[in-house]
Amino acid sequence: MNTIQPGAFLTLHYRLAGPDGADVVTTFNDKPATLTLGAGQLAPAFEARLIGLAEGARQAFTLPEGEAFGPRNPDMVQRLKRQVLQELGDPEAEYHVGDVVEFPTPDNSGRFAGVVRAVGDGWVEFDFNHPLAGKAVTFEVQVIGVL
């Protein structure tokens with residue numbers, strides 16, 4: 001029976017649940033995922049839990065706070081002046097707590113997102129941490145095939 005080793009090509013179902021147990025993402029109700037271990041398709045903390053699992057295995061792992069998506073970084077919470085937001089996007093945009101807003105990377109080669117945490121007179125505060133940073137998560141996997 002094949003077991004998962006670094007560089008293996010995998011077919012699997014997986015589920016990621018937040019600290020409240022609610023699914024963040026799952027493939028169990030749809031097509032399984034295919035990926036190459038070590039290619040950056042899964043976070044390193046998840047990949048490390050897969051090493052040594054055999055085809056047919058089904059396991060759940062609880063990763064402690066901060067291990068899966070890093071610790072929360074207070075420097076990733078920033079206030080931006082509305083003038084800056086108008087220059088980066090729609091000058092008529094309205095911002096509400098909980099909104100997810102995309103921004104261009106400094107070199108315009110990609111995008112990143114921040115969540116609105118507060119709105120004030122002339123500024124908007126964004127949290128650019130991953131939403132699960134600093135939180136415990138559960139990673140469940142069912143290994144279908146290993147090449």
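This report walks through the strands, loops and ring pairs of one predicted model.

## Before we start

The model is predicted, so local features are taken only where pLDDT is at least 70 and side-chain atom pairs only at pLDDT 80 or more, while totals for chains, interfaces and linings use all residues. Residues are numbered from 1 along each chain as its sequence is written, and side-chain values use heavy atoms, with hydrogens and water left out.

Helices (H or I, at least four residues) and strands (E, at least two) are DSSP runs, numbered from the N terminus. Two strands pair if DSSP finds at least two bridges between them.

Let's begin with strand β9, which covers residues 137–146. How many of its 10 residues are buried? Eight are, and the strand is mostly covered. Here, buried means under 20% relative accessible area, exposed means over 50%, and partly exposed lies in between (1.4 Å probe, protein chains only).

Strand β1 (residues 9–17) pairs with β9 in the antiparallel sense, over eight bridges. Within that pairing, leucine 12 stands opposite valine 143 of β9. Strand β4 (residues 58–63) also runs antiparallel to β9, and six bridges join them. There, leucine 63 has valine 137 as its bridge partner in β9.

## The hairpin of β1 and β2

β1 has another partner to meet: strand β2 (residues 23–26), paired with β1 in the antiparallel sense over three bridges. Arginine 15 has threonine 26 as its bridge partner in β2. The hairpin of β1 and β2 has five residues between the strands, and glycine 21 takes a positive phi near 90° in this hairpin.

Which strands stand at the edges of the open sheet? The sheet has four strands in the order β5-β8-β7-β6, with antiparallel pairing. β5 (77–81) and β6 (100–104) are at the edges, each with a single partner strand, so one side of each is left without a neighbour in the sheet. Neighbouring strands of this sheet are turned by 45° against each other on average, direction ignored; axes are lines fitted to C-alpha atoms, for helices over the stretch in contact, and angles run from 0 to 180 degrees between N-to-C directions.

β6 and strand β7 (residues 111–120) run antiparallel and are joined by five bridges. Valine 101 has glycine 114 as its bridge partner in β7. In the loop between β6 and β7 you will find asparagine 108. Its phi is near 60°, a positive value in a residue other than glycine. Asparagine 108 is exposed, with a relative accessible area of 63%.

Valine 115 has its place in strand β7 and counts as partly exposed at 28% relative accessibility. The contacts of valine 115 (heavy atoms within 4.5 Å) include Gly98, Val100 and Phe126, not counting residues up to four places away in sequence.

## A buried asparagine in a loop

Asparagine 129 lies in the loop between β8 (123–127) and β9. Is asparagine 129 buried or exposed? At 9% relative accessibility, asparagine 129 counts as buried. Its side chain reaches the backbone nitrogen of asparagine 73 at 2.9 Å. Residues touched by asparagine 129 include Pro71, Met76 and Val77, not counting residues up to four places away in sequence.

## Rings that meet

The structure holds nine aromatic pairs. Rings of Phe, Tyr and Trp (its six-membered ring) pair if their centres lie within 6.5 Å; planes under 30 degrees apart count as stacked, over 60 as edge-to-face and the rest as tilted. The rings of phenylalanine 46 and phenylalanine 69 have centres 5.9 Å apart and planes at 70°, so this pair is edge-to-face. The pair links distant parts of the chain, with phenylalanine 46 in helix α1 (residues 44–50) and phenylalanine 69 in the loop between β4 and β5, 23 residues apart. Phenylalanine 46 is buried at 4% relative accessible area, whereas phenylalanine 69 counts as partly exposed at 25%.

For phenylalanine 126 and phenylalanine 128, the ring centres are 5.8 Å apart and the planes at 25°, so the pair is stacked. Both of these residues, phenylalanine 126 and phenylalanine 128, are buried. Ring pairs also link Tyr95, Phe103, Phe112, Phe126 and Phe128 into a cluster.

Definitions and conventions. Polar contact = N/O pair within 3.5 Å; in protein donor to acceptor, adjacent residues only side chain to side chain.
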